[in-house]
Amino acid sequence: MELAIAGGGTGGHLYPGLAVAAAVKQADPQTRITFYGTKRGIESRVLPGMGYKIKYISARGFLGKSWTAKIFSPLWMATGTIQSLFHMISNRPDVVLGTGGYVSVPPVMAAWVLRIPVALLALDVMPSQAVRFLARFAGQIYGGFPECARYLNPKSQVIFTGNPIRPEIGRIARGQGTARFGLDENKKTILVFGGSQGAHSINVSVLDSLEYLDRSGYLKDIQIIFQTGKRDHALVAEGIKQFATKIKILAYIDEMPHALAAADLVISRSGAGVSETLACGLPSILVPYPYAASNHQEYNARSLEQAGAAMMILDRDLNGEVLAKKISGILFDQKKYNLMGNAAKTLASPDAANKIADNIIRMTGK
């Protein structure tokens, strides 16, 4: 079987695609997989070292971009579609799987022109604009949240699978995780990450929260794994110097499965990556990115908060004092901690990638 996976730009769209790729290869080791992505996205850094082929195309989003970017975005997309067409004519896939970001648009359009079956991942409660646009061309849509179907065309074939996660997520012992980051296995560990690029508001608020946690006596029992992004790495490195607690700061965490294994609590944005937090049965404090397309991160966060697995703080309400109260209220209230952890486990779909792989293989009839 030949499978094309179209998606990237951010880890939130790349890693679910990788999870499906691994599941398909496990089910059918002879499958040949090609990713479609851009040289600007995270896929250009991650995929070459993993042994997958990648076809670079032109694609740029327009939501939240400058007027200049909005004017030129259709040209980039048209160019990416033509590039995808030529590549698929000479390397025709049996199925094209779009993971939902803007990068998935040109290859899915090319697949539609060539009458190649299309499947999509709808990773959020409110499916991305790309998914809502591409849904009309898809034979199947794999939903990460049960609610996503209500925002798609009623004629779309939506199959609730949960979001695919990397196979190693949730399978690493806590001791292995803390050891990988040089941390104490017996201390409460907070994992902070604001997406591939980091999140300035989260970074600054976590720094401010340390002062409150220190004053209230909680900080001595806490350690932190802190993904800052490149831009804030020096700022955070300077800010933590005054505190004695162990804080491992990284511009980007390559070993996220180990970081999640070490964690007791996650503070993050609320994109599709929340599925990996759920799979580990971890409570979380979610700060939706306020400029996310269609405000989809707030939809995700509200869904998890209503289910009892997370607490949400809107970005405009985020500050060190509010964050410190949420942190101590979860980590040092065992009853609440257990309830949130159990709710997270209930929502998790650790077998999602295998379910999607089975459906994709059935689509090919092979």
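Student: Which order do the strands of the open sheet of 6 come in?
Tutor: This is a predicted model, and in it the order reads S10-S9-S8-S11-S12-S13, with parallel pairing.

Student: And which strands stand at the edges?
Tutor: Strand S10 (247-250) and strand S13 (310-312) do, each with a single partner strand, so one side of each has no neighbour in the sheet.

Student: How much does the twist average from one strand to the next?
Tutor: The average is 15°.

Student: Which strands does H12 lie across?
Tutor: Helix H12 (residues 320-331) lies across S8, S9, S11, S12 and S13, and runs at about 155° to S11.

Student: Let's zoom in on S8. How many of the residues of S8 are buried?
Tutor: 5 of the 6 are, so S8 is largely enclosed by the rest of the structure. S8 pairs with S9 over 6 bridges in the parallel sense, and Leu 191 has Ile 225 of S9 as a bridge partner.

Student: How many bridges does S8 make with S11?
Tutor: 4, again in the parallel sense. Ile 190 pairs up with Leu 265 of S11 there.

Student: I clicked on Ser 268. Which strand is Ser 268 in?
Tutor: Ser 268 belongs to strand S11.

Student: Is Ser 268 buried or exposed?
Tutor: Its relative accessible area is 2%, and buried means under 20%, so Ser 268 counts as buried. Leaving out residues up to four places away in sequence, Ser 268 touches Phe 193, Ile 202, Ile 285, Leu 286 and Val 287.

Student: Going back to H12, which helix axis does the axis of H12 cross?
Tutor: The axis of helix H13 (residues 334-347); the two come within 6 Å and cross at roughly 90°. That makes H12 roughly perpendicular to H13.

Student: Which residues make that contact?
Tutor: On the H12 side, Gly 329, Ile 330 and Leu 331; on the H13 side, Lys 336, Tyr 337 and Met 340.

Student: What about H11, which residues are buried there?
Tutor: Helix H11 (residues 296-306) has several, including His 296, Gln 297, Asn 300 and Leu 304. The buried residues of H11 pack against helix H10 (274-279), S12, S13 and H13.

Student: What follows H11?
Tutor: Gly 308 does, and the phi of Gly 308 is positive, near 90°.

Student: New topic: S4. Which way do the residues of S4 point?
Tutor: In strand S4 (residues 95-98), Val 95 and Leu 97 point one way, Val 96 and Gly 98 the other, and all are buried.

Student: Which strands run parallel to S4?
Tutor: Strand S1 (residues 2-6) is joined to S4 by 4 bridges and runs parallel to it, with Leu 3 partnered by Val 95. Strand S5 (residues 118-122) also runs parallel to S4, with 3 bridges, and there Val 96 has Val 118 as a partner.

Student: Zooming out, how many helices and strands does the chain have?
Tutor: The chain has 14 helices and 13 strands. The radius of gyration is 20 Å, close to the 21 Å that the globule rule gives for 366 residues, so the chain is as compact as a globular protein of that length.

Student: And how much of the chain counts as buried?
Tutor: 56% of the 366 residues. The accessible surface of the chain is about 16200 Å², and 52% of that belongs to carbon and sulfur atoms.

Notes: Residues are numbered from 1 along each chain as its sequence is written. This is a predicted model: local features need pLDDT of at least 70, side-chain atom pairs count only at pLDDT 80 or more; totals for chains, interfaces and linings use all residues. Side-chain values use heavy atoms; hydrogens and water are left out. Two strands pair if DSSP finds at least two bridges between them. Axes are lines fitted to C-alpha atoms, for helices over the stretch in contact, and angles run from 0 to 180 degrees between N-to-C directions. Contact means heavy atoms within 4.5 Å. The radius of gyration is taken over C-alpha atoms; the globule rule is 2.2 Å times the number of residues to the power 0.38. Buried means under 20% relative accessible area, exposed over 50%, partly exposed in between (1.4 Å probe, protein chains only). Accessible areas come from the Shrake-Rupley method with a 1.4 Å probe; for residues, only the protein chains shown count as cover. Angles under 35 degrees count as roughly parallel, over 145 as roughly antiparallel, 65 to 115 as roughly perpendicular and the rest as oblique.
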